[in-house]
Amino acid sequence: MGLGYTIAAVTDESLWTTGDIAKELGVTTERARQLSHRPDFPAPVQTVRHFRLWRPSDVQEWIARRRPAPDDGT
């Protein structure tokens with residue numbers, strides 16, 4: 001059963017919800033929502049009802065700038 005509306009992507013890549021961001025980060029959806037309200041978090045590219053949507057590339061870039069590189073054990 002659908003929600004009754006279609007979310008149109010602004011690019012060829014699909015857009016992420018806070019649930020998608022949570023999966024990418026390995027955190028809860030609530031934590032992803034909290035992070036999405038930080039002033040340095042990318043702005044959503046689309047809002048549909050109460051859903052805010054982001055380009056995956058914008059979120060992944062934000063993650064890459066904030067996560068330390070994995071320790072290679074040397």
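Q: Is Phe41 buried or exposed, and what is its relative accessible area?
A: In this predicted model, Phe41 has a relative accessible area of 6%. Buried means under 20%, so Phe41 is buried.

Q: Which residues make up the largest nonpolar core?
A: In soluble globular proteins, nonpolar side chains tend to be buried together. Here the largest nonpolar core has 11 residues in all: Trp16, Ile21, Ala22, Leu25, Ala32, Leu35, Phe41, Trp54, Val59, Trp62 and Ile63. Two or more of these residues come from each of α1, α2 (29-36) and α3 (56-66).

Q: What does Ile21 touch, not counting residues up to four places away in sequence?
A: Ile21 is one of the core residues. With that sequence exclusion, Ile21 touches Trp16, Ala32, Phe41, Trp54 and Val59.

Q: How many aromatic pairs are there?
A: A pair of aromatic rings is described by the distance of the centres and the angle of the planes. In this structure the count is 2 aromatic pairs. For Phe41 and Trp54, the ring centres are 5.7 Å apart and the planes stand at 85 degrees, so this pair is edge-to-face.

Q: Where do Phe41 and Trp54 lie?
A: Phe41 is in the loop between α2 and β1 (46-48), while Trp54 is in the loop between β2 (51-53) and α3. The pair therefore ties together parts that are 13 residues apart in sequence. Phe41 and Trp54 are both buried.

Q: What is the geometry of the aromatic pair that Phe41 and Trp62 form?
A: The Phe41 and Trp62 pair is edge-to-face, at 4.7 Å centre to centre with 65 degrees between the planes. This pair links distant parts of the chain, 21 residues apart: the loop between α2 and β1 holds Phe41, and helix α3 holds Trp62. Trp62 has a relative accessible area of 5% and is buried. One aromatic cluster is formed by Phe41, Trp54 and Trp62.

Q: Why does Thr18 count as buried?
A: The cut-off for buried is under 20%. Thr18 counts as buried because its relative accessibility is 19%. Thr18 lies in helix α1 (residues 18-25). Leaving out residues up to four places away in sequence, Thr18 touches Thr29, Ala32, Arg33, Ser36 and Trp54.

Q: What is the mean pLDDT of the protein chain, and where does pLDDT stay under 50?
A: The protein chain has a mean pLDDT of 84, and 73% of its residues reach 70 or more. Over residues 1-6, pLDDT stays under 50. For residues 1-6 the model has 4 contacts beyond four places in sequence.

How values were computed
Residues numbered from 1 in each chain as written. Predicted model: local features only at pLDDT ≥ 70, side-chain atom pairs only at ≥ 80, totals over all residues. Heavy atoms only, no water. Helix = DSSP H or I, 4+ residues; strand = E, 2+ residues; numbered from the N terminus. Buried < 20%, exposed > 50% of the residue type's maximum accessible area, 1.4 Å probe, protein only. Contact = heavy atoms within 4.5 Å. Core = buried A, V, L, I, M, F, W, Y, C linked by side-chain atoms within 4.5 Å. Phe/Tyr/Trp six-rings, centres within 6.5 Å; stacked < 30°, edge-to-face > 60°. pLDDT = per-residue confidence, 0-100.
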